Structure formats: structure tokens, C-alpha cells
Amino acid sequence: MTALNEHNNIQLDDERLAALQLAMVPGIGPRTRQTLLAAFESPQGVLSAAPSELSELPGVGAEMVRSLATARQNPNVMRELKICRDSGISLLLEQDSGYPRTLREIPDPPGILFHTGNFQAKDILAVAIVGTRHASHYGKVQAHRLATELARAGMTIVSGLARGIDAAAHRGALEAGGRTIAVTANGVLDIYPPEHKEFAAEISKQGVVVSENPATAKPKRGMFPQRNRIITGLSLGVIVVEAAERSGALISASHAVDQNREVFAIPGRIDSRMSCGCHQLLRDGAKLVTCVDDVLEELGPLVEAAPTENGRKVRHPAELQLNEQEEQVLMAVDTEPTPIDQVVDKSNLPIHRVLSTVSVLEMRKLIRRVSGQLVVRI
């Protein structure tokens, strides 16, 4: 088929249409979707499977079998495409090249993303900031401060567009002139909470508003915990600012652990109910955060180098905080053992400055000494 709207990335061949039809079958959550794809290899395979084959799978009941049998005739699919076309909403399928790589790596990635605004390659440098909707003044200030500093350093801020901590994090990134991604549990045309509708439009101009649910989907209680795996999946790590003992932010932290992401927490007042969750995370091994360096230095090397605003590529988030001299020395060190004399020549700096800077880069875990005269970039 031809594109319905090329500018909105809505192009339908049989494979893409089947992926959308599968995504819109009611009752299929991320785990069941993975079970179906494991059994039948592709959305087309799932929709072509015999009812007897489908019913043998765990989690697939009679009602779901009936829904899958009629998925190709579901009129809501073409209706959804028209809504997306008319409203400027783009679609990203898991097999698309622009689908976020970090999200594709989680155990249960969304089959489709509905979004306004555009993902960029540099969004691989992303950190989630989450917390309670009932945030204290202290919590909002800390979320805003961290988001601002991380955005200025070149990180994309990911959160859930909720009241409280989420809103403070998004706002901090926007005010710093940085990028932010808002992951909603409902459709991107039915913003919740409703007072954040204009806020979401502002985010779309400077980042992305995204959901795995159809554009007009209404918010339901069970969607929010499921949404949290996308917030952490898009991120290298998650910072919990304020959270009660039972909190959606703690669900995000659990997802982060399952996805092999770093978990950070900001300490609060010991007599505050909204600090209990953070203190529990710290007892369980989360990294304590007091400043942006606590985050950047802990995130570890990237799987692939990420582009920055000035065209430079970084291999480690901590590189975003380097001054000019530190950057010169780092660029002179190879991923193979490099003699100090060669670093001096390449950086065009006096040896005493190179040696002192090498010590700083060692502390930041960006290089390591192989021997007294050899260093290597991590």
C-alpha cells in the first residue's frame, strides 16, 4: 500500500499493517505479545495462525483467540490511521530503523509507538526522573534542578507527564533548552492529567510525547505500571526523587533493575512519608544522588558512541562534563594502550598538565592505566 501520510511516517505494507492490527487487539499485553511472536515469528504469522494453535499458548484464552481471528477486519485500525494522519501523529514499529535502540533491547518492547515530536539519535543519552504526584516543595526543586543540569550537560530527560515530580523534571529540561520525552499511559491525543495538554504540546516541540496505546485511548489504572517499563527502557538509568512505600516510582525502579539499568535515589527528610521509598531503595543498593556528576559518572560506557550538539561523539555520559583540557587529553587516548608521550604530542599540552588530567580522567572512569607509561580509553 502507499503512504497515507509520508510526513507522519504512516506507511502501510502488509508487514506494518499486520503489526498495527496485532497491536490493536484488546487484551494483548507486552508479555502475551512476546509469547505470540516467539511462537509464530511475526505479526503476520500470529494473525494467520489457526485457533487451535493459538489456544495452546499460555495466556491466550478463547476470547483472545476470537479477537485475533477477526483482527484483519477490525475497522478501528483504519479509523486509528486516519486519526493519526489528521492529528500529526507518527507511528514507529519495532522493526523500524528509527525505533529507539535501548527500548528494543528490553524483554517486552512495545510493538508500536504513537508519538508527536521526533526521536533523535542523541536521545540514547537519556535519564529518567520519576517520583510521586504528591511532591513536596523540596522534591520539585530537586527534580527540576537535576533535570536542568543533566539537560545542560546534553542528556535527554524521560518522565511520565504526571503531576508533581514528573512535571518538574520535564519543565527543568525545557527551561534548560534540552530535550525531554514524556511517556503517557493513555493516548497522545487524550493527555492526562488534562491540565497538561498545553504542556504536552510544548514538550512535542522540544522532544517527544509517546505512548504504546492508540491515540485516543483513555487512561486506565493498569496502564500506568505497564507504561513505566517504557520510561526506564528509553533510559540509561532512573532517578527516583520522592516516593512513598507503595509508589509507581518504585515500580519504575523494579523495571530498571530487570532491564539492567542503573537506579539512583535522592535522600529526603527521615520523617517524610514521601521519602520512605527512596530510603528503601538506598538501603537496597541504589546510588545516592546529590549532584549531576553522581549520575553521569555511574552510567558506564555506552554500547555505541552517541552524537552531541557540537558534533562530537561520546562513549561515556561522564564525558559531557569535561572541560576543554580534559577533552583534549581524552581525545588523544586510544582504545588500545597508548604511551603517555603520544598523548602529550596529540594533545599539544605540557606533560605536567597531561599527567594531572590523566589522573582526573582515571577518577571519572574514562581511562585507566595499563602500566606506568601506558593508558587506555575505556
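**Strand S4.** I began with strand S4 (156-159). Thr 156 and Val 158 point one way from S4, Ile 157 and Ser 159 point the other way, and all are buried. Buried means under 20% relative accessible area, exposed means over 50%, and partly exposed lies in between, with a 1.4 Å probe and protein chains only. Helices (H or I, at least four residues) and strands (E, at least two) are DSSP runs, numbered from the N terminus.

**Ground rules.** I noted that this is a predicted model, in which local features need pLDDT of at least 70 and side-chain atom pairs count only at pLDDT 80 or more, while totals for chains, interfaces and linings use all residues. Residues are numbered from 1 along each chain as its sequence is written, and side-chain values use heavy atoms, with hydrogens and water left out.

**The sheet.** Next I looked up the partners of S4. S3 and S4 run parallel and are joined by 3 bridges; two strands pair if DSSP finds at least two bridges between them. Ala 128 stands opposite Val 158 in S4. I then followed the whole sheet: 9 strands form an open sheet with mixed pairing, in the order S1-S2-S6-S5-S4-S3-S7-S8-S9. Strand S1 (90-93) and strand S9 (287-288) are the edge strands, each pairing on one side only. S1 runs antiparallel to strand S2 (residues 112-117), with 4 bridges between them. In that pair, Leu 93 stands opposite Ile 112 in S2.

**Helix H9.** Is helix H9 enclosed or open? I found that 9 of the 11 residues of H9 (residues 165-175) are buried, so the helix is largely enclosed by the rest of the structure. The cover over its buried residues includes strand S3 (126-130), helix H8 (137-153), S4, strand S5 (180-183) and helix H10 (197-206). I picked out Ala 168, which is found in H9 and is buried at a relative accessible area of 10%. Leaving aside neighbours within four places in sequence, Ala 168 is in contact (heavy atoms within 4.5 Å) with Lys 140, Ala 143 and His 144. The C-alpha atoms of Ala 168 and His 144 are separated by 5.0 Å, although the two residues are 24 apart along the chain. Just after H9, Gly 177 takes a positive phi of about 80°.

**Helices H11 and H12.** I checked how helix H11 (residues 223-233) meets helix H12 (residues 248-258): they pack at an angle of about 50°, with their axes 8 Å apart. Axes are lines fitted to C-alpha atoms, for helices over the stretch in contact, and angles run from 0 to 180 degrees between N-to-C directions. The two helices are therefore oblique to each other; under 35 degrees counts as roughly parallel, over 145 as roughly antiparallel, 65 to 115 as roughly perpendicular and the rest as oblique. Pro 225, Asn 228, Arg 229 and Thr 232 of H11 make the contact with Gly 248, Ile 251, Ser 252, His 255 and Ala 256 of H12.

I ended in the loops. The peptide bond from Tyr 192 to Pro 193 is cis, with omega near 0°, and Pro 193 lies in the loop between S5 and H10. Leu 161 has a phi near 65°, a positive value in a residue other than glycine. Leu 161 sits in the loop between S4 and H9 and counts as buried at 0% relative accessibility. Asn 348 also has a positive phi, near 60°, but counts as exposed at 69% relative accessibility. I placed Asn 348 in the loop between helix H16 (340-347) and helix H17 (351-363).
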